[in-house]
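Please have the sequence and the 3D view open as you go.

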Amino acid sequence: MASESRLYTFSPETQEKLRKFRLGTSRAKDPQAVVYQIDKHSLEIAQADDETYTNMQELADELPDHSPRFILLSYPLTLPSGRLSVPYVMLYYLPVTCNAELRMLYAGAKELMRNTAEVGKVIEIAEAEDLETIEEKLGVAAA
């Protein structure tokens with residue numbers, strides 16, 4: 001296993017939450033998002049709060065201005081063919097104003113988080129406002 005898996009940790013509770021979220025959102029009618037962060041001292045990756053966001057504006061309002069986050073997002077889309085698609089992706093929120101230490105901390109954990117959460121795609125966003133156009137980014141991912 002890669003070295004980042006020895007550096008960063010997930011509690012069994014977090015692993016179970018990740019699994020339940022992935023399995024529970026595949027049939028959702030509304031967007032579902034949860035935010036994860038890394039504890040700088042223990043290097044444990046855990047859910048930032050117990051909130052599951054269904055409104056992208058509320059999620060954008062909750063994101064910190066100077067600290068990265070991993071956001072797991074399940075977003076139902078109707079494709080041009082009329083078929084419903086529910087892409088499950090990780091948004092890698094990396095504000096331009098965050099310091100180098102946090103950038104490195106999150107960059108080192110990105111692939112581990114991606115693999116542990118079993119997401120299909122990682123989309124990088126630099127500003128909370130990027131969530132307003134997430135459907136366009138997902139449409140490309142789902143097509």
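**A hairpin to start with**

Strands β1 and β2 make a hairpin with 6 residues between them, and Leu 43 in its turn has a positive phi of about 60°. Helices (H or I, at least four residues) and strands (E, at least two) are DSSP runs, numbered from the N terminus. This is a predicted model, in which local features need pLDDT of at least 70, side-chain atom pairs count only at pLDDT 80 or more, and totals for chains, interfaces and linings use all residues. Residues are numbered from 1 along each chain as its sequence is written, and side-chain values use heavy atoms, with hydrogens and water left out.

**Strand β1 and its partners**

- β1 and β2 (residues 45-47) pair in the antiparallel sense over 3 bridges; two strands pair if DSSP finds at least two bridges between them.
- Within this pairing, Gln 37 stands opposite Ala 46 of β2.
- β1 is also joined to β3 by 5 bridges, and these two strands run antiparallel.
- Here Val 35 has Ile 71 in β3 as its bridge partner.
- Of the 7 residues of β1, 6 are buried, so the strand is largely enclosed by the rest of the structure. Buried means under 20% relative accessible area, exposed over 50%, and partly exposed in between (1.4 Å probe, protein chains only).

**Nonpolar cores**

- The largest nonpolar core has 25 residues, and those touching the most other members are Tyr 8, Tyr 36, Ile 38, Ile 45, Phe 70, Leu 72 and Met 113. Such a core is a set of buried Ala, Val, Leu, Ile, Met, Phe, Trp, Tyr and Cys residues joined through side-chain atoms within 4.5 Å.
- Two or more residues of this core come from each of α2 (12-24), β1 (32-38), β3 (69-74), β6 (88-93) and α4 (100-117).
- α4 contributes the most to this core, with 7 residues.
- A second, separate core holds 20 residues, including Ala 33, Ala 60, Tyr 75 and Val 89.
- Leaving aside neighbours within four places in sequence, Leu 72 is in contact (heavy atoms within 4.5 Å) with residues including Leu 18, Phe 21, Val 34, Tyr 36, Met 90, Met 113 and Val 119.

**Two positive phi values**

- Leu 43 is not a glycine, yet has a positive phi, near 60°. Leu 43 lies in the loop between β1 and β2, and this residue is buried, at a relative accessible area of 17%.
- Glu 118 also has a positive phi near 60° in a residue other than glycine. Glu 118 sits in the loop between α4 and β7 (121-125) and is partly exposed, with a relative accessible area of 47%.

**The chain as a whole**

- The chain has 5 helices and 7 strands.
- Starting at the N terminus, the order of elements is α-α-β-β-α-β-β-β-β-α-β-α.
- The radius of gyration is 15 Å, which agrees with the value near 15 Å for a compact globule of 143 residues. This radius is taken over C-alpha atoms, and the globule rule is 2.2 Å times the number of residues to the power 0.38.
- The C-alpha trace spans about 45 × 30 × 25 Å along its principal axes.
- Of the 143 residues, 43% are buried.
- Among contacts between residues at least 6 apart in sequence, 63% join residues at least 24 apart.
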